[in-house]
Amino acid sequence: MKLLLIEDNPSMQATLQRSFERRGISVTTCGDGLRALDRWRAALPDVVLLDLSLPGRDGLQVLADARAEGLATPVIILTARGTVGDRILGLNTGADDYLPKPFDLDELEARVRALARRGSAGAADPRSEAPVFCGLRVDGESGAVYHQGQPMELAPREGALLRALLARPGQAVAKERLFELVFAGEAEVQPDAIEVVAYRLRKKLAATQAKLVTLRGLGYLLKAEA
């Protein structure tokens, strides 16, 4: 079993890594919210343990971005934020389980193994299960977008925008939300830059049956051509 531990506390990170590896579980670690998604894509873990208070980018934002990309790995949130509201927010963002700190290591291991079993039982061929819209499909492992089975040539920002829209086809996604996903961590970029990415993506979608629509004052949506 492969585990990705996203935790910025060095002591907690070392303790959990040592404990899980003694129990036969391979552990990859990351302590930076800005690097978490790259590590997630590269590691292809069976389960992710995610702290919420991370430098660079909050854990909930990391989780939301991962789900928007199509990364479906089971996630357990580990955090000192233990209120009911925090738990509901984490679960609604896409977490599968929530364990407040401090926690018992045996309980954590049991939850990790339970999620790994659940994930392996339903993931014999994750690519075949990815939803398809107008012939477009996001590969759940790599994040690549395919059209009619062929990979699309997309710049990283175009890919991020298309993945976010494919997560909710036919539904408007706020311009501000898309900007956060496409330009995550780039504080110097102006909000209107999302319009340039949308323009370029719209041209690349011209050969498909999907149409990128601008909704003034609301954002963008992806709809099927009539």
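Reply: Let's start with burial: a residue is buried under 20% relative accessible area, exposed over 50%, and partly exposed in between (1.4 Å probe, protein chains only). Here, 44% of the 226 residues in the chain are buried. Keep in mind that this is a predicted model, where local features need pLDDT of at least 70, side-chain atom pairs count only at pLDDT 80 or more, and totals for chains, interfaces and linings use all residues. Residues are numbered from 1 along each chain as its sequence is written, and side-chain values use heavy atoms, with hydrogens and water left out.

Me: How many helices and strands are there in the chain?

Reply: Helices (H or I, at least four residues) and strands (E, at least two) are DSSP runs, numbered from the N terminus. By that count the chain has nine helices and twelve strands.

Me: And what share of the contacts comes from residues 24 or more positions apart?

Reply: A contact means heavy atoms within 4.5 Å. Taking the contacts with a separation of 6 or more, 56% are between residues 24 or more positions apart.

Me: Which residues have the most contacts inside the largest nonpolar core?

Reply: General idea first: in soluble globular proteins, nonpolar side chains tend to be buried together. A nonpolar core is a set of buried Ala, Val, Leu, Ile, Met, Phe, Trp, Tyr and Cys residues joined through side-chain atoms within 4.5 Å. The largest one here has 28 residues, and Leu-161 and Leu-222 have the most contacts inside it. At least two residues each come from strand 7 (136-138), helix 7 (156-166), helix 8 (175-182), helix 9 (193-204), strand 11 (210-215) and strand 12 (219-224). Helix 7 gives the largest share, six residues. Leaving out residues up to four places away in sequence, Leu-161 touches Leu-178, Val-182, Ile-194, Val-197, Ala-198 and Leu-201. Another core, of 19 residues, lies apart from that one and includes Leu-50, Leu-60, Leu-63 and Ala-95.

Me: At what angle do helix 7 and helix 9 cross?

Reply: Axes are lines fitted to C-alpha atoms, for helices over the stretch in contact, and angles run from 0 to 180 degrees between N-to-C directions. Under 35 degrees counts as roughly parallel, over 145 as roughly antiparallel, 65 to 115 as roughly perpendicular and the rest as oblique. The axes of helix 7 and helix 9 come within 9 Å and cross at roughly 80 degrees, so helix 7 is roughly perpendicular to helix 9. On the helix 7 side are Arg-157, Glu-158, Leu-161 and Leu-162, which meet Ile-194, Val-197, Ala-198, Arg-200, Leu-201 and Lys-204 of helix 9. For classes, Ala, Val, Leu, Ile, Met, Phe, Trp, Tyr, Cys and Pro count as nonpolar, Asp, Glu, Lys and Arg as charged, and the others, Gly among them, as polar. This contact has six nonpolar, no polar and four charged residues.

Me: How do helix 3 and helix 8 pack?

Reply: Their angle is about 95 degrees, with the axes 10 Å apart, so helix 3 is roughly perpendicular to helix 8. Gln-61, Ala-64, Asp-65 and Ala-68 of helix 3 make the contact with Arg-177, Glu-180 and Leu-181 of helix 8. That splits into three nonpolar, one polar and three charged residues.

Me: Is Arg-57 buried or exposed?

Reply: Arg-57 counts as buried because its relative accessible area is 12%. Arg-57 sits in the loop between strand 3 (47-51) and helix 3 (59-69). A polar contact is a pair of N or O atoms within 3.5 Å; within protein, one must be able to donate a hydrogen and the other to accept it, and residues adjacent in sequence count only if both atoms are side-chain atoms. The Arg-57 side chain makes one with the side chain of Asp-65, at 3.2 Å.

Me: What does the side chain of Thr-208 reach?

Reply: It reaches the backbone nitrogen of Ala-210 at 3.1 Å, and a polar atom of the Thr-208 side chain lies 2.8 Å from the backbone oxygen of Leu-205. Thr-208 is in the loop between helix 9 and strand 11 and is buried, at 7% relative accessible area.

Me: Which peptide bond is cis?

Reply: Most residues other than glycine have a negative phi, and most peptide bonds are trans. The bond from Lys-101 to Pro-102 is cis, with omega near -5 degrees. As for phi, Gln-148 has a positive value of about 50 degrees although it is not a glycine.
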